[in-house]
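Here are my notes on the model you sent over.

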Amino acid sequence: TIVGIVYSFLATPMYRAEVLMISAQNEERNLGGLASLNQYGGLARMAGINLGGNNDIEEALAILQSRKFIQEFINENNLMPVLFADEWNENPTMESAYKMTREDLLAVSMNAKTRLITFSIDWTDPKQSADWANAMIKRVNDHIRQQAIEEAEKSIYFLEEQLQSTSLLNAQSVLHSLVEDQTKNIMLANVRDEYAFKVIDPAVVPEKPYKPNKLFILIVGFLLGLILGIFIALVKNTLENSTVEALK
């Protein structure tokens with residue numbers, strides 16, 4: 001119990017800031033209706049056009065937790081001296097910063113029923129944990145939006161080349177529709193800040209530390225102490241009885 005008390009008061013408190021969000025996918029961001037045009041499905045795929053949009057949220061979550069994205073976020077915000085304030089003389093690497101962030105600070109979970117996504121950051125400074133959580137979601141939205149714009153522009157360029165090389169009215173009609181949809185995607189990306197994730201509840205500065213859980217530690221310490229005490233008493237009693245029997 002004493003060890004539990006000492007640990008709970010000496011351990012560095014960690015604060016958890018959470019962002020509650022949902023996928024920003026909608027029917028306007030995919031070409032599901034055109035996917036049924038099997039004869040032009042290959043052409044759409046060659047142009048890099050997303051016909052289904054089913055994996056958009058998985059891709060966005062993968063980017064959010066990727067090494068490249070996390071390291072760029074650390075670099076842009078000069079977080080190395082903050083993350084390794086007590087170990088700066090040991091020359092920490094960007095790889096160690098990524099592993100620390102990915103394994104110890106960052107967590108993502110999705111409710112399979114509601115599809116609500118919870119993104120959290122654990123850190124010793126409550127304000128920084130909230131700021132980082134909100135900033136990372138904003139950055140991933142900006143990153144994926146810009147990526148979608150670039151892909152749509154490349155698709156339009158490819159489709160316009162195909163328009164110039166075909167004289168079939170049917171094909172031209174489909175190609176014009178594809179160009180129109182990609183132009184619409186660019187317009188939507190330019191006006192929608194929350195492109196990949198729509199934030200339902202942004203992170204706020206947590207008032208209480210997430211860990212250590214002092215009450216839990218004290219209860220566990222007491223129970224372990226009780227069990228250890230009983231065990232020692234039983235062993236001591238057994239040894240004493242054995243000694244008495246030996247003396248007899």
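1. Ground rules first. This is a predicted model, so local features need pLDDT of at least 70 and side-chain atom pairs count only at pLDDT 80 or more, while totals for chains, interfaces and linings use all residues. Numbering starts from 1 along each chain as its sequence is written, and side-chain values use heavy atoms, with hydrogens and water left out.

2. Layout. The protein has ten helices and four strands, which are DSSP runs numbered from the N terminus (helices H or I, at least four residues; strands E, at least two). In sequence order the pattern reads α-β-α-α-α-α-α-α-β-β-α-α-β-α. Of the 248 residues, 35% count as buried, meaning under 20% relative accessible area; exposed is over 50%, and partly exposed lies in between (1.4 Å probe, protein chains only).

3. The cavity. Searching the whole structure turns up one cavity of 30 Å³ or more. On a 1 Å grid over the protein atoms alone, a cavity is a set of points where a 1.4 Å probe fits but cannot get out; a pocket is an open set with protein on both sides within 12 Å along at least five of seven lines, and lining residues have an atom within 4 Å of a point. The largest cavity has a volume of about 70 Å³, volume being the space filled by probe spheres set on the points, with grid points joined across faces, edges and corners.

4. The largest cavity is lined by Phe73, Ile74, Leu79, Leu83, Thr101, Leu105, Ile121, Trp132 and Met136. Two or more of the lining residues come from each of α5 (67-76), α7 and α8 (126-165). By class there are eight nonpolar, one polar and no charged residues; here Ala, Val, Leu, Ile, Met, Phe, Trp, Tyr, Cys and Pro count as nonpolar, Asp, Glu, Lys and Arg as charged, and the others, Gly among them, as polar.

5. The second largest pocket. Its volume is about 290 Å³. Among its 14 lining residues, Leu83, Asp86, Met100, Trp123 and Thr124 are the closest to the centre. Helices α6 (80-83) and α7 (94-105) each supply at least two lining residues, and α7 gives the most, with three. The lining of this pocket holds eight nonpolar, two polar and four charged residues. Note that Leu83 lines this pocket and also the largest cavity.

6. Leu215, Ile219, Phe222, Leu223, Leu226, Ile230 and Leu234 make a nonpolar surface patch of about 680 Å². Patch members have over 30% relative accessible area and no salt bridge, with nonpolar side chains (Val, Leu, Ile, Met, Phe, Trp, Tyr) joined within 5 Å and like charges within 9 Å. A salt bridge is a side-chain nitrogen of Lys or Arg within 4 Å of a carboxyl oxygen of Asp or Glu. Leu223 belongs to helix α10 (residues 214-247) and is partly exposed at 42% relative accessible area.

7. Which non-glycine has a positive phi of about 50 degrees? That's Asn78, in the loop between α5 and α6, and exposed at 54%. Arg115 is not a glycine either, yet its phi is near 65 degrees; Arg115 sits in the loop between β2 (106-110) and β3 (117-123) and is partly exposed at 40%.

Terms used. Areas by Shrake-Rupley, 256 points an atom, 1.4 Å probe, with all protein chains shown as cover.
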